[in-house]
Structure formats: structure tokens, C-alpha cells
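Biologist: Hi, I'm new to this one. Could you walk me through it, starting with the overall layout?

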Amino acid sequence: MQLQTKDYGVIDYEEKDLFHFSDGLFGFSQVQHYLPLCLNEEEDSTVLLLHGVEDPNVAFVVINPFALDPDYTPSLTEEELSYLGVKTAEELSYYVTCILQDDYLSNTVNLKCPLVINPENHKGMQVILESSGYDYKHKLGSFSHLQAEKAAV
């Protein structure tokens, strides 16, 4: 299969490459399938571009929240774990959406509503961490190790 993208041209992919969100993401229920793309070929999957398949104009930059905060502790309900087909939250992959600004330390991430994906079957959902203390907008500059990296440059 092929996906026509604005920034990367035509991308070949297979069904097994897609992340499946049967309810879509908040505000984008019409897009249920996303192709994860590494932003740089040398990078791992810490930062991805999730590209909508049903609507190629929909794309999200997502970041593994544990790369930002190793103490991040999302807590899922038994229903959410069951829906994703796992017994424990440790079996899942987590990503948070990122809103881009001119200065990358001003970018914000939504730690309150992570995307949670079963890496075995690629089934995902976006959850709201009700009593977590996390917010919808955390500036990247608020994570101390990123401040240190910028200062070292």
C-alpha cells in the first residue's frame, strides 16, 4: 500500500506497520489508522510522526514520555488493559503528543492524555489519566535534562 504525504512524498507500507485506534484520537475520530514514521533515519522510536492514513493531512509528532521523564507513571484501568489485550501496563508502549514551537524548549507535550499502544498487535487508544497530577501542556524546557543539553550546545 502507499500513502501520499505532504512532507515525505509517497511512502510504501504494509497493514502490519499501522497503529490502529478504533476510536481515533481526541478530536480526530475519523482517522483510525496511523503510520508511524521516524523523523530521522538514524533515530530510534523515541520521536515519531504519526501520519493519518484516512486523512493524510492529519499528522502528530509524538514522543516517548519516559525519554522526557523516567519517573512518568501512567496508571491504566483494568478495562483499558483488557481493551488493549494485555495483563499489565508494562507490556505497552506510550507516546505523548507534542505541539511544536519555534524554540524546541517551548514545545509542549500532553502528559495527561498519552497514546497507549500494544506493540504486539498495534492496537492503541488515547487515555485520560484522571487523578495523575499530569497536565495537558508541559514545556520541554521544564525537563531538566533537556535544559542541560541545550546549555551544553
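**Layout and pockets**

Modeller: Starting at the N terminus, the elements of the protein come in the order β-β-β-β-β-β-α-α-β-β-β-β-β-α. The radius of gyration of the protein is 16 Å, close to the 15 Å that the globule rule gives for 153 residues, so it is as compact as a globular protein of that length. That radius is taken over C-alpha atoms, and the globule rule is 2.2 Å times the number of residues to the power 0.38. Keep in mind that this is a predicted model: local features need pLDDT of at least 70, side-chain atom pairs count only at pLDDT 80 or more, and totals for chains, interfaces and linings use all residues. Residues are numbered from 1 along each chain as its sequence is written, and side-chain values use heavy atoms, with hydrogens and water left out.

Biologist: How many helices and strands does the protein have?

Modeller: Three helices and eleven strands. Those are DSSP runs numbered from the N terminus, helices being H or I with at least four residues and strands E with at least two.

Biologist: And what share of the residues counts as buried?

Modeller: 42% of the 153 residues. Buried means under 20% relative accessible area, exposed means over 50%, and partly exposed is in between, using a 1.4 Å probe on protein chains only.

Biologist: Switching to pockets, what is the volume of the largest pocket?

Modeller: About 220 Å³. The search runs on a 1 Å grid over the protein atoms alone: a cavity is a set of points where a 1.4 Å probe fits but cannot get out, while a pocket is an open set with protein on both sides within 12 Å along at least five of seven lines, and lining residues have an atom within 4 Å of a point. Grid points are joined across faces, edges and corners, and the volume is the space filled by probe spheres set on the points.

Biologist: Which strand gives the most to the lining of the largest pocket?

Modeller: Strand 7, with three residues. Strand 6 (59-63) and strand 7 (93-99) each supply at least two. The lining includes Phe60, Val61, Thr97 and Cys98. By type, the lining has eight nonpolar residues, three polar and no charged. Here Ala, Val, Leu, Ile, Met, Phe, Trp, Tyr, Cys and Pro count as nonpolar, Asp, Glu, Lys and Arg as charged, and the others, Gly among them, as polar.

Biologist: What about the second largest pocket, how much space lies there?

Modeller: About 150 Å³. Among its lining residues are Lys6, Asp7, Tyr8 and His51, and the lining divides into five nonpolar, three polar and two charged.

Biologist: Last one, where is valine 47, and what is it in contact with?

Modeller: Valine 47 lies in strand 5 (residues 47-52). Leaving aside neighbours within four places in sequence, valine 47 is in contact with Cys38, Leu39, Val61, Val62 and Ile63, contact meaning heavy atoms within 4.5 Å. Valine 47 is partly exposed, with a relative accessible area of 22%.
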